[in-house]
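Please look at the sequence and the model shown here. The paragraphs after it go through some features of the fold in turn.

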Amino acid sequence: MRSDEMTDPVQLRGARPDDTEALLHLWTGLVTYHRTLERVRPSRWSGPVEETLRPLLAQVWAAPDRYALFIAEVAGDRIGFVRVSLADDGPCPARIDTLFVGGAFRGKRVGFRLLERACAWCRERDATEVCVEFIAPNDLAREFYEHAGFLPLLSTFMRRL
Ligand SMILES: CC(C)(COP(=O)(O)OP(=O)(O)OC[C@H]1O[C@@H](n2cnc3c(N)ncnc32)[C@H](O)[C@@H]1OP(=O)(O)O)[C@@H](O)C(=O)NCCC(=O)NCCS
């Protein structure tokens, strides 16, 4: 064990392409969690989970100037991640795309540290505001982001045609 791991068992680092399978596993956990909460699922979110997520990871590896993904690890196990991007569209120049901490590790400030790492990445790229979206019934996320200083901006509604 490295000396920094002895003082802090949770280590943050930038993700690499060889993290793809572990990230897909964690991210699938997040989607599964969302599916227990959701009241509506748009058809674009209804396909096989891995088919939707794999291109989102490929985007990060292909354009590291626009996207970043940070992983939280404990003793080599990936326990959480955040994906962040710069955005030409939408209200903010930067976006937290996804943030996830595995159930057993919640409430230990891992989410906060991942969020701060993502925000630092945005600031380093001169972004002065950052947005995040999450599904409406996700009260845990709402409380977490409000606690972290985010304020509600938009509400998205959908209707089937
Ligand atoms: C939301 C999530 C990332 C939070 O991660 P976490 O590691 O449990 O949160 P932390 O321990 O870092 O909490 C940071 C701070 O927020 C507070 N907090 C966290 N969740 C909270 C909640 N539901 N209500 C009130 N405060 C909360 C903590 O008390 C802590 O406060 P402190 O800074 O005063 O100590 C995690 O619960 C998760 O992965 N949820 C499922 C996925 C998800 O919904 N992601 C968001 C969609 S993008």
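What is the handedness of the disulfide of Cys-92 and Cys-131, right-handed or left-handed? The torsion about the S-S bond of Cys-92 and Cys-131 is about 50°, so this disulfide is right-handed. The structure is a predicted model, in which local features need pLDDT of at least 70 and side-chain atom pairs count only at pLDDT 80 or more, while totals for chains, interfaces and linings use all residues. Residues are numbered from 1 along each chain as its sequence is written, and side-chain values use heavy atoms, with hydrogens and water left out.

A disulfide is a pair of cysteine sulfur atoms within 2.5 Å. The S to S distance between Cys-92 and Cys-131 is 2.2 Å, and a search of the whole structure finds one disulfide. The pair links distant parts of the chain, 39 residues apart. Cys-92 sits in the loop between strand S3 (77-86) and strand S4 (94-101), and Cys-131 sits in strand S5 (residues 130-132). Helices (H or I, at least four residues) and strands (E, at least two) are DSSP runs, numbered from the N terminus. Buried means under 20% relative accessible area, exposed means over 50%, and partly exposed is in between (1.4 Å probe, protein chains only).

Cys-119 is in no disulfide, and its nearest cysteine sulfur, that of Cys-122, is 5.8 Å away. Cys-122 is in no disulfide either. With a relative accessible area of 10%, Cys-119 is buried; Cys-122 is buried too, at 3%.

Next come two helices. The axes of helix H2 (residues 20-37) and helix H3 (residues 49-62) come within 10 Å and cross at roughly 130°. Axes are lines fitted to C-alpha atoms, for helices over the stretch in contact, and angles run from 0 to 180 degrees between N-to-C directions. H2 and H3 are therefore oblique to each other. Angles under 35 degrees count as roughly parallel, over 145 as roughly antiparallel, 65 to 115 as roughly perpendicular and the rest as oblique.

Which residues make the contact of H2 and H3? Among them are Leu-23, Leu-24, Trp-27 and Val-31 of H2, and Leu-53, Leu-56, Leu-57 and Trp-61 of H3. Contact means heavy atoms within 4.5 Å. By class, the contact has nine nonpolar, two polar and four charged residues. Ala, Val, Leu, Ile, Met, Phe, Trp, Tyr, Cys and Pro count as nonpolar, Asp, Glu, Lys and Arg as charged, and the others, Gly among them, as polar.

Thr-98 lies in strand S4 and is buried, with a relative accessible area of 10%. Not counting residues up to four places away in sequence, Thr-98 touches Trp-27, Leu-30, Phe-81, Val-82 and Arg-83. Val-40 lies in the loop between H2 and H3 and is partly exposed, at 42%. With residues up to four places away in sequence again not counted, Val-40 touches Met-158 and Arg-160.

Two loop residues remain. Ala-75, in the loop between strand S2 (67-74) and S3, has a phi near 50°, a positive value in a residue other than glycine. Asp-126, in the loop between helix H4 (110-124) and S5, has a positive phi of about 70° although it is not a glycine. Ala-75 is exposed, with a relative accessible area of 68%, and Asp-126 counts as exposed at 68% relative accessibility.
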